[in-house]
Amino acid sequence: MSTMAEVIEPTAGTISAADLASSQHSRATVGDVTVADPRMTCRGVDVWYGAKQAIKGVSLDIGKHEVVSMIGPSGCGKSTFLRCLNRMNDTIDGCRVTGSIKLDDVDIYDAGLDPVPLRAQVGMVFQKPNPFPKSIYENIAYGPRIHGLTNNKAELDDLVETSLRKAGLWEEVKDRLDQPGTGLSGGQQQRLCIARTIAVSPEVILMDEPCSALDPIATAIIEELIDELREHYSIAIVTHSMQQAARVSQRTAYFHLGDLIEVGETNDIFTNPKHKLTEDYITGRFG
Ligand SMILES: Nc1ncnc2c1ncn2[C@@H]1O[C@H](COP(=O)(O)OP(=O)(O)OP(=O)(O)O)[C@@H](O)[C@H]1O
Ligand SMILES: [Mg+2]
């Protein structure tokens, strides 16, 4: 299990001239990849696994207070692109990222930038809930403690409570904070992981299919939570459920074989897709 405390050295990010020459740049994305008030800006992002290019010249903004969903057939690069946004790809041997990705005005791939605090600012929630093998309290307190966010036990207690409240879990766990996080139900564990992410004051939350292991009731709770979290955070969510994308996101990005094919208002993408590949996917003819 990876923890925020692990310092993972980036793999050498150099790309040879031959690689660059073979870079297949994206067909122009249909729709406006920019927003008026961006939190993150990605420009011309390429990702390679060894010699294989998985993301091709993708540019996309993630706005403040918005949920962007990323959809597309299996293997099209959704998780790869999401992992670029907090340098989780650094942890994969042979994975190289080029192009520009900024959080506010800071280039997150700057050689001097420490990815550990970055991964607190741009937090990630995974498909399978992955609580630490520690108590519910410690799952939340761990991050703030290693990042030095509180001065004493009372402040830490407060932060644990506030984070669990924001994640809609406090009432269910307040009487058993010392019990293992792994003893919660799947939906509760996923909210615990969201609370853990929130506890270190992120600006952006990345979610990679956060509900795919959950039943419809737990899914509905998480979706409601995502909508509430938008007030404070920018959220990018990968989902295989078009209904979920339609319910939770304001903008939707459609990926296909490493290209960002189309991006737009979620409602427009689902009711009036402009690119044939988008239309084929959302009407179920592909993927
Ligand atoms: N660690 C890795 N090493 C090598 N290739 C990888 C690695 N991870 C992903 N890839 C390849 O990169 C491409 C994009 O994969 P990615 O996991 O980003 O797709 P995805 O859209 O998230 O798919 P899914 O919907 O199945 O989760 C695929 O061709 C995949 O095989
Ligand atoms: Mg994936």
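Residues count from 1 along each chain as its sequence is written, with chains lettered from A and ligands numbered from 1 in the order in which they are written. Since this is a predicted model, local features need pLDDT of at least 70 and side-chain atom pairs count only at pLDDT 80 or more, while totals for chains, interfaces and linings use all residues.

**View 1. The whole chain and its confidence.** The protein chain carries 11 helices and 10 strands; these are DSSP runs, H or I over at least four residues for helices and E over at least two for strands, numbered from the N terminus. Average pLDDT (the predictor's confidence in each residue, from 0 to 100) is 90 for the chain, and 90% of the residues score at least 70. Residues 1-16 stay under 50, with 24 contacts beyond four places in sequence. Residues 18-26 also fall below 50, and that stretch has 13 contacts beyond near neighbours in sequence. Where pLDDT is low, the predicted coordinates should not be read in detail. A contact here is two residues with C-beta atoms, placed from the backbone, within 7 Å. Among contacts between residues at least 6 apart in sequence, 71% join residues at least 24 apart.

**View 2. The four-stranded sheet.** This open sheet runs in the order β2-β1-β4-β5, with antiparallel pairing. The edges are β2 (52-63) and β5 (106-107), each with a single partner strand, so one side of each has no neighbour in the sheet.

**View 3. The six-stranded sheet.** The strand order in this open sheet is β6-β7-β8-β3-β9-β10, and the pairing is mixed. At its edges sit β6 (122-125) and β10 (259-265), each pairing on one side only. On average, neighbouring strands are turned by 20° against each other, direction ignored; the axes are lines fitted to C-alpha atoms, and angles run from 0 to 180 degrees between N-to-C directions. Six bridges link β9 (residues 251-256) to β10 in the antiparallel sense, and Glu262 in β10 is the bridge partner of Tyr254.

**View 4. Strand β3, covered on both faces.** Five of the five residues of β3 (residues 67-71) are buried, so the strand is largely enclosed by the rest of the structure. Val67, Ser69 and Ile71 are on one side, Val68 and Met70 on the other. β3 runs parallel to β8 (residues 234-238), joined by four bridges, and Val68 stands opposite Ala236. With β9, β3 also pairs in the parallel sense over four bridges; there, Met70 has Ala253 as its bridge partner.

**View 5. Ser234 in β8.** Ser234 lies in strand β8 and is buried, with 27 other C-beta atoms within 10 Å. Glu66 is 168 residues away along the chain, yet the two C-alpha atoms are separated by 5.3 Å. Beyond four places in sequence, the contacts of Ser234 include Arg39, Met40, His65, Glu66, Glu203 and Val204.

**View 6. The shell around ligand 1.** Around the ligand are Tyr49, Ala54, Gly72, Ser74, Gly75, Cys76, Gly77, Lys78, Ser79, Thr80 and Ile92, where near means a C-beta atom, placed from the backbone, within 6 Å. Helix α2 (residues 78-84) gives the most to this shell, with three residues.

View 7. In α4 (residues 136-146), the buried residues are Ile136, Asn139, Ile140, Ala141, Gly143 and Pro144. Their cover includes α3 (115-121), α5 (153-166), α6 (170-173) and α7 (186-198). Just after α4, Gly148 takes a positive phi of about 60°. Lys128 is found in the loop between β6 and α4, and counts as partly exposed with 13 C-beta neighbours inside 10 Å.

Technical notes. Two strands pair if DSSP finds at least two bridges between them. A residue is buried if 20 or more other C-beta atoms lie within 10 Å of its own, exposed if 12 or fewer, and partly exposed in between; C-beta atoms are placed from the backbone.
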